[in-house]
Amino acid sequence: MTAPATTDSALDESPATDDGGRGSARRFGTLALAAAIVVGLLLGYAGGLLTPTFTRPGNNSAEAGFARDMTSHHAQAVEMGLIAFQRGEDSEVRQIGGDIATGQQGEIGTMQTWLRSWGLDPTGDQPPMAWMPDGAGQVHDGLMPGMATPEEMEKLRAAKGHELDVLFLQLMIRHHLGGIHMIQGILDEGHDDDVLAVAQTMKNTQQTDLTNLQAALKRLGG
């Protein structure tokens, strides 16, 4: 999804001396992104409903564990992306943040719809990463691979300008690397064709994101 592209162009067209106009454009962009996230979530739910129900993964299956854990993993990425989109200084950083927020919110919708269609609760009784071989050993201080710590998230929320841009890129690169590791886990352990197809798309998207994140970080001197 590329809704934030409209936002950047609107911002660029705002007179540099008209702070009110620029603020209005930014508010409009925020509303547009919010609408795009809702649309993405609905599309994700619709996509999830297409999953066949005659072979439902069980409560302790790799598919169920992945859907639950990746929902939590994605939720942090959505927050990080929104912070970058709303308050980033660099136009490319804002674009990347908006794209990640909308894309991963749609994937959350898909994964939550899978769980409902399988007759499973959004949260299970297994610890994080239990579905993945040696998964427990990859959880540190309750955080799955690549996730930012509470302290890092607070620092990102408080950051401004160039500092925010660089910190977002650094945290999101690490976040995506951890996410790709988890996605590879379901590609190795999963059996549901629809889940595997979506997971492969997730992996491809995040690998493309990584290329863009790393290039932006290098350009900004991070």
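Tutor: A residue is called buried under 20% relative accessible area, exposed over 50%, and partly exposed in between, with a 1.4 Å probe and protein chains only. By that rule Arg-157, at 33% relative accessibility, counts as partly exposed.

Student: What kind of model is this, and how are residues numbered?

Tutor: This is a predicted model, in which local features need pLDDT of at least 70 and side-chain atom pairs count only at pLDDT 80 or more, while totals for chains, interfaces and linings use all residues. Residues are numbered from 1 along each chain as its sequence is written, and side-chain values use heavy atoms, with hydrogens and water left out.

Student: How many helices and strands are there?

Tutor: The protein has seven helices and zero strands. Both are DSSP runs numbered from the N terminus: helices are H or I with at least four residues, strands are E with at least two.

Student: How much of the protein is buried?

Tutor: Buried residues are 49% of the 222 residues. The protein exposes about 10500 Å², and carbon and sulfur atoms supply 56% of that area. Accessible areas come from the Shrake-Rupley method with a 1.4 Å probe; for residues, only the protein chains shown count as cover.

Student: Which residues touch the most other members of the largest nonpolar core?

Tutor: They are Met-80, Leu-156, Phe-168, Leu-169, Met-172 and Leu-213, in a core of 25 residues. A nonpolar core is a set of buried Ala, Val, Leu, Ile, Met, Phe, Trp, Tyr and Cys residues joined through side-chain atoms within 4.5 Å.

Student: What is Met-80 in contact with, leaving aside its neighbours within four places in sequence?

Tutor: Met-80 is in contact (heavy atoms within 4.5 Å) with Met-153, Leu-156, Phe-168, Leu-171, Met-172 and His-175. For the protein as a whole, among contacts with a separation of 6 or more, 79% are between residues 24 or more positions apart.

Student: Turning to charges, how many salt bridges does the structure hold?

Tutor: It holds five salt bridges. The term requires a side-chain nitrogen of Lys or Arg within 4 Å of a carboxyl oxygen of Asp or Glu. One of them joins Arg-157 to Glu-79, with the closest N and O atoms 2.7 Å apart. Arg-157 lies in helix 5 and Glu-79 in helix 3, so this pair ties together parts that are 78 residues apart in sequence. Glu-79 is partly exposed, at a relative accessible area of 30%.

Student: Where does Glu-154 lie relative to Arg-157?

Tutor: Both residues are in helix 5, three residues apart, which is about one turn of the helix. Through shared partners, salt bridges join Glu-79, Glu-154 and Arg-157 into one network.

Student: Which residue does Arg-174 form a salt bridge with?

Tutor: Its partner is Glu-152, and the closest N and O atoms are 2.5 Å apart. Arg-174 belongs to helix 6 and Glu-152 to helix 5, so the pair ties together parts that are 22 residues apart in sequence. Arg-174 is partly exposed, with a relative accessible area of 33%, and Glu-152 is partly exposed at 23%.

Student: Is helix 4 mostly covered or mostly exposed?

Tutor: Helix 4 is mostly covered, with 22 of its 27 residues buried. At its start, a side-chain oxygen of Asp-90 reaches to within 3.0 Å of the backbone nitrogen of Glu-92. After helix 4 comes Gly-119, whose phi is positive, near 75°.

Student: And what covers the buried residues of helix 7?

Tutor: The cover includes helix 3, helix 4 and helix 6. Among the buried residues of helix 7 are Val-195, Lys-203, Asp-209 and Leu-213. Asp-192 caps the N-terminal end of helix 7, with a side-chain oxygen 3.0 Å from the backbone nitrogen of Asp-194. Just after helix 7, Gly-221 takes a positive phi of about 75°.

Technical notes: Polar contact = N/O pair within 3.5 Å; in protein donor to acceptor, adjacent residues only side chain to side chain.
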